[in-house]
Amino acid sequence: VREITLLGQNVNCYHGDGPGAVEWGLGRLIEALANIEGIERIRYTTSYPADMDEELIAAHRDVPKLMPYLHLPVQSGSDRVLEAMNRRHSVSDYLRLVDRLRAARPDLALSSDFIVGHPGETEEDFRATCRLVETVGFAQSFSFKYSPRPGTPASLEPQLDEATKSERLARLQSLLTAQQQAFNAACVGRELVVLFERPGRWPGQLVGRSPYLQPVHAALDPAAVGTLQRVRITAAGQNSLAGEASV
């Protein structure tokens, strides 16, 4: 094993018993995993902003094996919509947290989740989401139209029409796609350490993941599968990077 991803619907609220019956949070668990010989990379997902504690922020600063890529869902840039969603953070809470994380790990890249068209969302609420995206800047994101879930309070509220939801989603995705393309383009010319996982589409090609979770393909010996290799990035697409072995 070279890479471990800690998974949970809200993984950063993890608490468990460590040695000596001392309670560990996720940050302490990450530190312990980093001390296991052979493990080179650690990731975790999905996280909840309100449960990001000081120990976990410090892990981003102090544990080099914790990758500089964090999925931190915000859902909306409107406090009114966040309250309706029963989220336990405000827009200002989220922005302050992003600042603290980037201060701890300056090369940190962020991804997020967004829902548009929540019942009661106004055009101004939606524009606030776009402003948050422009303020933060995301390397990748996932965005969806709201759909009612039976039994939830929002499902009983008046629903936005599908045309409005679709139009807002298209506008948001255009902005997010532009940010993802810009982030990938900024990687061209850089050297990144890639964990190669499998053969690529073409003979002699391998595919792996960058520290920022981007797929990277390069011409390498098949024996490089399962190893970390330094790669110079030569080209960027919307969803992947191309590289060559660094000499």
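The lining of the largest pocket splits into 9 nonpolar, 9 polar and 6 charged residues (Ala, Val, Leu, Ile, Met, Phe, Trp, Tyr, Cys and Pro count as nonpolar, Asp, Glu, Lys and Arg as charged, and the others, Gly among them, as polar). Keep in mind that this is a predicted model, where local features need pLDDT of at least 70 and side-chain atom pairs count only at pLDDT 80 or more, while totals for chains, interfaces and linings use all residues. Residues are numbered from 1 along each chain as its sequence is written, and side-chain values use heavy atoms, with hydrogens and water left out.

**Pockets**
- The largest pocket has a volume of about 860 Å³, a volume being the space filled by probe spheres set on grid points that are joined across faces, edges and corners.
- Here a pocket is an open set of points, on a 1 Å grid over the protein atoms alone, where a 1.4 Å probe fits, with protein on both sides within 12 Å along at least five of seven lines; lining residues have an atom within 4 Å of a point.
- Of the 24 residues that line the largest pocket, Gln75, Met85, Arg87, Ile115 and Arg149 lie nearest its centre.
- Strand E6 (109-116) and strand E7 (140-145) are the elements that give two or more residues to that lining; strands (E, at least two residues) and helices (H or I, at least four) are DSSP runs, numbered from the N terminus.
- The second largest pocket holds about 160 Å³ of space, and Arg198, Trp202, Val207 and His217 are among the residues lining it.
- For this second largest pocket, E9 and strand E10 (215-219) are the elements that give two or more lining residues.

- Strands E8 (residues 191-199) and E9 (residues 205-209) run antiparallel and are joined by 4 bridges, and Arg198 has Val207 in E9 as its bridge partner.
- There's also an open sheet of 3 strands in the order E5-E6-E7, with parallel pairing.
- Strand E5 (69-71) and E7 sit at the edges of that sheet with a single partner strand each, so one side of each has no neighbour in the sheet.
- E5 and E6 pair in the parallel sense over 3 bridges, and the bridge partner of His71 in E6 is Ser111.

**Helix pairs**
- Helix H5 (residues 123-136) and helix H6 (residues 162-186) have axes that come within 10 Å and cross at roughly 5 degrees; axes are lines fitted to C-alpha atoms, for helices over the stretch in contact, and angles run from 0 to 180 degrees between N-to-C directions.
- That makes H5 roughly parallel to H6, a label for angles under 35 degrees.
- Among the residues that meet here are Phe126 and Val133 in H5, and Leu172 and Leu175 in H6, where contact means heavy atoms within 4.5 Å.
- The axes of helix H1 (residues 26-34) and helix H2 (residues 54-62) come within 7 Å and cross at roughly 35 degrees.
- In that pair, Leu26, Gly27, Arg28 and Ile30 in H1 meet Glu55, Leu56 and Ala59 in H2.

- Thr45 and Thr46 are joined by a cis peptide bond, with omega about 0 degrees, and Thr46 is in the loop between strand E4 (41-45) and H2.
- Ala21 has phi near 60 degrees, a positive value in a residue other than glycine; look for Ala21 in the loop between strand E2 (15-17) and strand E3 (23-25).

Note on methods. Pairing = 2+ DSSP bridges. Parallel < 35°, antiparallel > 145°, perpendicular 65-115°, else oblique.
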